[in-house]
Amino acid sequence: MIDKNKMPLAVGVAFVAFTTQFGGGFASGAQIYSYFINYGLLGLILPLLSQFLLAFFFWYGLRYAYTHRTYDYRAFGDSFYGSSRVLFSNLYEITYLILIATATSAAFATGGSTLNTLFGIPYWLCTLAVGVFIFVIALYGTNLVRKCASTLSVLIILGLAIVLIPNIIVQFGTISQSVSRMAAGELPICSKETGLTGAAVKSALLYFMFQLPSIGLMYQHTEPLTDIKQVDRAALYMFLCNFIAMMLSIIGMLAIAFRPELEGATIPMLVLVSNGVGKTVLTPIISILIILGSVSTGVNMIAGIVTRTINALERRMEPEKRARGHMARSAAAALVFTAGVWAISQVGLMAIIKKGYAYLGYAACISVFIPFILSMLHIGPFGKADQ
């Protein structure tokens, strides 16, 4: 793994955010099609809006967490929401549980579907293998999660470049034709959308909304920071990394936007590779990339709720008792949450994406977006971190 002492902490924090977003739905291409490409030409521009809003809200929350030393999402909520904490802290608890149930189970499902496609192993056994890996990494705490995220981020970015850049170059003519057809008002083969301007903006905002609750797993990563400017840099790196990765994926997959094989495809990225250049070499690479993206999200999500649970359990314990049983408590929490998410993942990837993410976005609007906006309007653009 990448040594955290050789990598700026701000980059490590940004990579945790990247690997959280680059999960099952993103890695498979399913999210990109559902929330952007399906809306035609406007959908190709709106990732800028989604990623800017996401980085801005993460920046706002992380500044508060760093300054007020609230290193898990419950501690953050109880401090940030003030007199309304009984309502909003508990609402966020519910939102985070929805996040775990959707995003993490999507990660299990994507990793499991990919392994199943590659090796023909039963789907449930594939998702079980993904779950074991996530359990082991999440068990050992924040530092290992951040190092794992840094390593996986580098591998994912390299993998994206290796897979997408050759396909973009070779299929640039097809990509240009897809853009021209969209500019003329034609929609991709899987799209059934109408009233595109309003619907496209709504979809981009919904994407931002269902990614926003993952801010809760980020607070723990502000603890080792030594300067508020590291939060500022982390947010900038977060925006650049996420936006570039998303646009690279979108441009590459425009090559198959109008291909009939896309209908009913669970993993559009595999459709891209199977119809592109270097199929024999790139298919295993994109498969590994999808699995890495899937497990990275699962690790981050499970680690966040384990940290919150253990902090709550140990808050009133004597130091000696806390140290003596810490690993056993962490293992029990990680096992319970990993097993629960694994069970949900058995319903399949597309069912999770179509149903779960919409509910997650609406919950995030109430428990995170509106309180953050009210806070910004009340105390200024830099948040309570500057008081």
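Helices here are DSSP runs of at least four residues, numbered from the N terminus. With that in hand, the predicted model can be read starting from its surface.

A nonpolar surface patch of about 930 Å² turns up, built from Leu118, Phe119, Ile121, Trp124, Leu125, Leu128, Val132, Val136, Tyr140 and Met327. Two helices, H6 (85-119) and H7 (123-139), each put in at least two residues of this patch. The largest share belongs to H7, with 5 residues.

Val132 makes a handy example, being part of the patch and sitting in helix H7. Its relative accessibility comes out at 48%, so Val132 counts as partly exposed; the label "exposed" is kept for values over 50%.

Ser330 tells another story. This residue lies in helix H14, which spans residues 319-345. Ser330 has a relative accessibility of 4% and therefore counts as buried, since the cut-off for that label is under 20%. Leaving aside residues up to four places away in sequence, Ser330 touches Leu139, Val306 and Ile310.

Then there are the cysteines. A disulfide is a covalent bond between the sulfur atoms of two cysteines. A search of the whole structure comes back with 0 of them.

How values were computed. Residues are numbered from 1 along each chain as its sequence is written. This is a predicted model: local features need pLDDT of at least 70, side-chain atom pairs count only at pLDDT 80 or more; totals for chains, interfaces and linings use all residues. Side-chain values use heavy atoms; hydrogens and water are left out. Patches are made of residues with over 30% relative accessible area and no salt bridge: like charges are joined within 9 Å, nonpolar side chains (Val, Leu, Ile, Met, Phe, Trp, Tyr) within 5 Å. Accessible areas come from the Shrake-Rupley method with a 1.4 Å probe; for residues, only the protein chains shown count as cover. A salt bridge is a side-chain nitrogen of Lys or Arg within 4 Å of a carboxyl oxygen of Asp or Glu. Buried means under 20% relative accessible area, exposed over 50%, partly exposed in between (1.4 Å probe, protein chains only). Contact means heavy atoms within 4.5 Å. A disulfide is a pair of cysteine sulfur atoms within 2.5 Å.
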